Amino acid sequence: MNPLKQLLGIAAFAAVVGAITLVSSSGVVLNFIMIVLYAALMAQAWNILGGYGGQFSFGHALFFGTGAYIQAIAQLQGGLNPWLALPLAACGSAVVGLFVGGLSFRYGLKGSYFALVTLAFAEVFRILALSVPFTGAGVGLMLPLGESVANMQFGSRKGYIALVLALVVLALLVSWWVKNSRFGAWLQAVRDNESAARAVGVNPFSVKLAAIGVSGAFMGAAGAFYVQVFQYIDPGIAFGPTTSVESLVAAIVGGLGTIWGPILGALVLHTLADITRNLFGELPGINMVIYGVVLVLIVMFLPRGVAGIGQSVLALWKRNAGDANGK
């Protein structure tokens, strides 16, 4: 698709979501929009590293938790305004990403080894958060209630939707840039064949390091947003596996290395989760079961994800036609 049309699509998406938010008075609808956008932000963050860069992370909760704790600690112990704490949270998570990436990529870790390293770092940070006093240890941290725009605590879901929509649009613009820039070409070249990319002058270490830094920044922003909405964070929420799973599954289901895949994946997963919740009630862990089943089905029948349904169907039709001709 033409890059200009992609930008127009992003603008249209923001306008449609904004219009629905303005005209809607249903708390259920507004909450659904907010949660889908929040999940899409996390999936966009994971997609930059895992989709475009091919570096599958099982521990993106590491960056989410870092951003969440920076957002909370900056306000509670540093007296910082939440609007100033948000970019600080994103930058802090980016620094953690650069640290983890520097260690991992310097020693050539990739594939399952890199995935396990990110998972291990997330667990290490969870244990540290349980042990040190400034994180509230096992009790966690709670922000005081103070509804106002200046305090980033809005009186309705519409304010939070505006905030997370702005973050999602920013992530979409970065994804668009990665898709159409020279850096994006380098990143995808490293994903497809690292040795070949190195042979034509691409520095895989620098490219992957930049990708994990950007990915960590957006995941940290998602963590900061979570703190502002729910006004509470603890080590289990911050660094637990649920966040990591949700971010990677939404990106894979939607379509890896695509601009719209993470949003489509988040929409599909949360629609299924809501339907299942209405049918079966609040069964513990039902959302994880849904994610697992959907992921297996997507991998089996739609390897390009929801965003690539057309291509997957065409490939299946051509294969079947070839088999028929062969007979």
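**A friendly note on the helices and how they pack**

1. Helix 4 covers residues 82-106; its 25 residues reach 35 Å from the first C-alpha to the last, close to the 36 Å expected at 1.5 Å a residue. The expected span is 1.5 Å times one less than the number of residues. Helices here are DSSP runs of H or I with at least four residues, numbered from the N terminus.

2. A word on the source: this is a predicted model, in which local features need pLDDT of at least 70, side-chain atom pairs count only at pLDDT 80 or more, and totals for chains, interfaces and linings use all residues. Residues are numbered from 1 along each chain as its sequence is written, and side-chain values use heavy atoms, with hydrogens and water left out.

3. Now to the two ends of helix 4. At its start, a side-chain oxygen of Asn-81 comes to within 2.8 Å of the backbone nitrogen of Trp-83. After helix 4 comes Gly-108, with a positive phi near 75 degrees.

4. Helix 2 (residues 27-50) packs against helix 12 (residues 261-280) at about 135 degrees, the axes lying 8 Å apart. Axes are lines fitted to C-alpha atoms, for helices over the stretch in contact, and angles run from 0 to 180 degrees between N-to-C directions. That angle makes helix 2 oblique to helix 12; angles under 35 degrees count as roughly parallel, over 145 as roughly antiparallel, 65 to 115 as roughly perpendicular and the rest as oblique.

5. Which residues of helix 2 and helix 12 meet? From helix 2 come Phe-32, Ile-35, Val-36, Ala-39, Ala-40, Ala-43, Gln-44 and Asn-47, and from helix 12 Pro-262, Ile-263, Ala-266, Leu-267, His-270, Thr-271 and Asp-274. Contact means heavy atoms within 4.5 Å. By class, this contact of helix 2 with helix 12 has 10 nonpolar, four polar and one charged residues. Ala, Val, Leu, Ile, Met, Phe, Trp, Tyr, Cys and Pro count as nonpolar, Asp, Glu, Lys and Arg as charged, and the others, Gly among them, as polar.

6. Helix 12 also packs with helix 11 (residues 241-254): their axes come within 7 Å and cross at roughly 110 degrees. That makes helix 11 roughly perpendicular to helix 12. Residues in this contact include Glu-246 and Val-249 of helix 11 and Gly-261 and Pro-262 of helix 12. The contact of helix 11 with helix 12 has eight nonpolar, four polar and one charged residues.

7. Lastly, the axes of helix 6 (residues 157-180) and helix 7 (residues 182-192) come within 5 Å and cross at roughly 75 degrees, which makes helix 6 roughly perpendicular to helix 7.

Terms used: A polar contact is a pair of N or O atoms within 3.5 Å; within protein, one must be able to donate a hydrogen and the other to accept it, and residues adjacent in sequence count only if both atoms are side-chain atoms.
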